[in-house]
Amino acid sequence: MTAYDELMAYDRVTQALGSVAGRTGWDQETMMPEGAADLRSEEMAALETVLHARRTDPKIGEWLANAEGADAVAKANLRHIKRSYSRATKIPEKLATDLARLASRAQGIWAQARADNDFKGFAPVLAQMIDLKRQEAAALADGGDLYDALLEDYEPGITGAEIQSVFDKMRPRLVDLRSRVLAADGPNALDREFPEDGQLALSAKLAAAFGYDFTKGRIDKAVHPFSSGSGTDVRITTRVNPRDPFNCFYSTVHEVGHACYEQGIDPDYALTPLGNGVSMGVHESQSRIYENQLGRSRAFTGWLFGQMSDTFGDFGVKDEEAFYKVVNRASSGYIRTEADEVHYNLHVMLRFDLERQLISGDLEVANLEEAWNTRFASDFGVPVDKASNGVLQDVHWSCGLFGYFPTYSLGNVYAGCLYQTLREAVPNLDADLARGDTSSATTWLRENLQRHGGLYEPKEVIALACGFAPSEAPLLDYLDRKFEALYDL
Ligand code: ZN
């Protein structure tokens with residue numbers, strides 16, 4: 001066997017074990033009996049120890065030194081393994097353990113502080129977390145920018161400065177659109193109860209309509225919707241709020257977008273480094289284009305209106321046109337995860353700017369809450385009423401996830417580019433969507449993007465699918481067009 005073959009055989013076992021660890025995590029959120037929590041945390045820690053030892057085994061370094069990539073696939077495999085091995089070996093073992101221990105402690109403290117609306121209760125542990133993340137970033141950065149080193153974990157190949165320049169162009173246009181939309185007359189929200197069995201049945205129908213393969217996946221309920229796994233076993237979860245069926249439907253469609261990406265990857269890449277979505281941003285482009293550009297389109301919501309009428313009878317919305325407005329109703333809420341398309345990216349930009357300053361040391365944790373509230377009032381036009389609606393709303397920082405937030409907006413930017421190209425490539429798109437048939441869109445996405453898995457770098461695969469380098473312009477033009485028409489601006 002060549003060094004490359006030996007390396008790939010070794011990596012295949014690591015990939016399979018990683019996949020088992022993922023399934024164990026899925027089980028914990030969906031099926032696990034309550035009494036098994038302690039046993040499960042020991043099981044997962046044991047798996048993590050084995051995985052860490054495999055990922056940092058010096059044999060990998062020797063194989064890498066001798067392996068040659070004969071073709072594009074082999075070269076991409078080596079690139080991924082090299083990146084992961086180099087990151088895993090640069091972080092001192094003690095720091096990795098300290099970070100894992102602090103993350104599990106900080107999440108409990110954050111949850112309590114959020115329940116108490118008390119940022120001061122969370123500030124000391126957050127300061128410790130930032131200190132450890134700065135040490136981790138310094139170990140990875142080789143003298144370069146600390147925040148950029150953290151970004152590599154989620155969106156390889158992009159820098160904080162590049163993201164900043166994209167966001168600087170988005171923010172004024174979104175703030176302007178937001179204030180025009182809120183000044184106009186909008187529709188009322190739905191105002192009645194929608195039984196759980198009807199919501200779940202229709203949500204399964206939506207998943208099937210978007211091409212989710214139930215022979216290679218399943219849907220269960222969980223507190224937070226997520227997608228887990230890749231290839232032939234990709235599971236999703238959803239949730240039910242009796243008064244807000246769109247929460248269930250669009251959470252499902254969002255996770256179906258993530259899941260279809262994983263199900264759509266070339267089966268030859270299974271259990272190799274190419275067998276997963278290439279980055280968080282590209283992943284989010286799939287979930288968002290399914291959820292928003294396709295799922296919340298005038299054409300598709302026309303079909304959904306008929307489905308909801310069949311399932312729930314008269315639910316207080318008179319026709320398809322009125323329903324399209326209700327689905328896309330914009331309001332300036334505090335909570336990122338509940339935000340509409342106009343507000344969503346403003347939530348992300350706020351977090352990106354603040355976390356970048358926290359990592360660079362330009363912002364002290366003691367001043368974070370005030371900085372959050374000032375920025376929120378300026379971008380959203382309303383003051384924050386309590387910390388759980390402001391700086392304490394998201395779990396990310398307590399887990400040490402710095403550099404993760406901007407990938408949500410990058411996903412929207414990429415989705416904007418893909419949608420512009422898709423509309424040109426599929427002239428009958430609206431007619432198909434109006435029948436509840438998404439296959440022309442999802443087939444195009446699978447052929448042009450999803451099947452490549454990790455073969456290309458994130459920006460490269462978007463550019464390849466679109467024929468141009470990713471930019472914020474298509475997303476902003478789409479949002480202006482859509483909401484100017486919806487709100488008669
Ligand atoms: Zn997502």
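**Ground rules.** I number residues from 1 along each chain as its sequence is written. The model is predicted, so local features need pLDDT of at least 70 and side-chain atom pairs count only at pLDDT 80 or more, while totals for chains, interfaces and linings use all residues; side-chain values use heavy atoms, with hydrogens and water left out. Helices (H or I, at least four residues) and strands (E, at least two) are DSSP runs, numbered from the N terminus.

**Entry 1: the sheet.** I looked up the strand order. The sheet is open, has three strands and runs S1-S3-S2 with mixed pairing. Two strands pair if DSSP finds at least two bridges between them. S1 (219–221) and S2 (227–230) are the edge strands, each pairing on one side only. On average, neighbouring strands are turned by 20° against each other, direction ignored. I noted that axes are lines fitted to C-alpha atoms, for helices over the stretch in contact, and that angles run from 0 to 180 degrees between N-to-C directions.

Next I checked the pairs. S1 and S3 (residues 233–238) run parallel and are joined by three bridges. Ile219 stands opposite Ile236 in S3. S2 and S3 run antiparallel, with four bridges between them. Here Gly229 faces Val234 of S3 as its opposite. The hairpin of S2 and S3 has two residues between the strands, and Gly231 takes a positive phi near 65° there.

**Entry 2: helices on the sheet.** Which helices lie across S1 and S3? I found H9 (residues 196–209) across S1 and S3, running at about 150° to S1. I also found H10 across S1, S2 and S3, at about 170° to S3.

**Entry 3: H10 and H12.** I looked at how H10 (residues 245–264) packs with H12 (residues 298–312): the angle is about 125° and the axes are 14 Å apart. H10 and H12 are therefore oblique to each other. The classes are roughly parallel under 35 degrees, roughly antiparallel over 145, roughly perpendicular from 65 to 115, and oblique for the rest. I then listed the contact, meaning heavy atoms within 4.5 Å. Pro245, Phe246, Phe249 and Tyr250 of H10 meet Thr301, Leu304, Met308 and Phe312 of H12. By class, this contact of H10 with H12 has seven nonpolar, one polar and no charged residues. Ala, Val, Leu, Ile, Met, Phe, Trp, Tyr, Cys and Pro count as nonpolar, Asp, Glu, Lys and Arg as charged, and the others, Gly among them, as polar.

**Entry 4: H9 and H12.** H9 packs with H12 at about 150°, with axes 10 Å apart. Among the H9 residues that meet H12 are Leu202 and Leu206. The residues of this contact of H9 with H12 divide into eight nonpolar, four polar and one charged.

**Entry 5: H10 and H11.** The axes of H10 and H11 come within 7 Å and cross at roughly 135°. That makes H10 oblique to H11.

**Entry 6: zinc.** Which residues coordinate the zinc ion? I found His254 (NE2), His258 (NE2) and Glu284 (OE), at 2.1 to 2.3 Å. Donors are N, O and S atoms within 2.8 Å of the metal (3.2 Å for Na, K and Ca); water is not among the atoms, so sites may look incomplete. Along the chain, the zinc donors follow the spacing H-x3-H-x25-E. His258 in H10 and Glu284 in H11 (residues 280–294) are 26 residues apart, a pair linking distant parts of the chain.
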